[in-house]
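Hi,

Here is the structure I said I would pass on. Please look it over before reading my notes.

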Amino acid sequence: MDLGPGSSFPDLDLPDHTGRQRRLSELAGGDPLCLLTSRGWWCPKEQRYLREVARVQDEFEVAYARIVVVSIDPPEVQAAFRAGLGARFTFLSDAERRWLPRLGLAESTDTLHDPYRPAGFTLFPDLAVHRAYNGYWFWGRATMEELRQDMRAITRQIRSDWEVPAG
Amino acid sequence: MRPFAYLVFDGERLTADAHAPGRRFRVDERCLGKPRAAGAYAHVCALPDRDAALRFDEPEVQQVRRDALQHWIPLLGADLVCLSTFVLDASRYGGAVTVARRPDRFADDPFARLFPGTVVETGIFAEVPPPPGPVIERYAGAPWPGGRFAG
């Protein structure tokens, strides 16, 4: 599946961290979206990276932009992990691996957990991919500054009043 | 369509009749849609007193929305029917309502820090997916978490 810039990200239908069924398009809700796939709560790299994302959520919360994390952790595990991070964004659980093989994002080197490999996608509200990041190596992940730049670029394109309307 | 509906609270009773006696609040219009959840409980954290209001941008009003996203909604889990803040006008917050299938958790409602809660048995609310977060801003003055930008 092509998940590169310009492609359309699938409208994932998965339970969230409370067990409630959600759709990715509904979570975007007309706003730019940062979608992150994550190995799971046990991975030190995920713990480190998502703590950083939880810090930048203070900017997303006032900038009309969303964050969603997808992993194979069950909802109750995600809820605990999310609480520990102090995160206020949504986690989606693919514990049944319904989307993992279709997305082609399997972490092939982890034969114990069969998780997602870390990746990041900045998406337009209609789920069109703006940029894609391969986080297999930690340094491949989107930095918080890159996320800011991507959210700026998407917002500039979708908000008709980006240029201040004439008074 | 306007991004809000009216709800009237007189200190004991809730109604969607905008002309009923009591204090009128703007709420997320999806909460008063259909189908309605019968036999639910509303925790109304608001007062009928017309002077009971805060500015939406006050830090305590921002923080209570963060707390709703961080722990209140997960705590309610599948019991949550919907929630909405109460908006008085373009800039003032008048309270909030959380609707659940059981009232057991209402003692933990973060919105009760701002205005005290009253439990009302109700059947006028519809189930609405909880806000995904982390957005706590309002969309063009709509009662959080309702509304969205056009386009």
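Predicted model: local features only at pLDDT ≥ 70, side-chain atom pairs only at ≥ 80, totals over all residues.

Residues are numbered from 1 along each chain as its sequence is written, chains are lettered from A and ligands numbered from 1 in the order written, and side-chain values use heavy atoms, without hydrogens and water.

**Interface**

Chain B puts 22 residues in contact with 24 residues of chain A (heavy atoms within 4.5 Å). The buried area is about 2000 Å², with 52% from carbon and sulfur atoms (accessible area, 1.4 Å probe, that two parts lose on being put together, summed over both). In chain B, Gln70(B), Pro132(B) and Pro134(B) lose the most area to chain A, together 32% of what that side buries.

There are 2 salt bridges between chain B and chain A (side-chain nitrogen of Lys or Arg within 4 Å of a carboxyl oxygen of Asp or Glu). Arg66(B) pairs with Glu61(A), closest N and O atoms 2.7 Å apart. Helix 1 (residues 59-76) of chain B gives the most to the side of chain B that touches chain A, with 4 residues (helices are DSSP runs of H or I, at least four residues, and strands are runs of E, at least two, numbered from the N terminus).

**Helix 2 of chain A**

This helix has 17 residues and reaches 24 Å from first to last C-alpha. Its buried residues include Glu46(A), Tyr49(A), Leu50(A) and Phe60(A) (buried is under 20% relative accessible area, exposed over 50%, partly exposed in between; 1.4 Å probe, protein chains only). Among what covers the buried residues are strand 3 (33-37) and helix 5 (144-158) of chain A. Glu59(A) also lies in helix 2. Glu59(A) counts as partly exposed because its relative accessibility is 36%.

**Salt bridges within chains**

The structure holds 28 salt bridges over all chains. In chain A, Arg39(A), Glu46(A), Glu107(A) and Arg141(A) are linked in a network of them.

In chain B, Asp67(B) bridges to Arg113(B), closest N and O atoms 2.8 Å apart. Asp67(B) lies in helix 1 and Arg113(B) in the loop between strand 7 (92-100) and strand 8 (117-122), so the pair ties together parts 46 residues apart in sequence. Asp67(B) counts as buried because its relative accessibility is 11%.

Best wishes

Key: Expected span 1.5 Å × (residues − 1).
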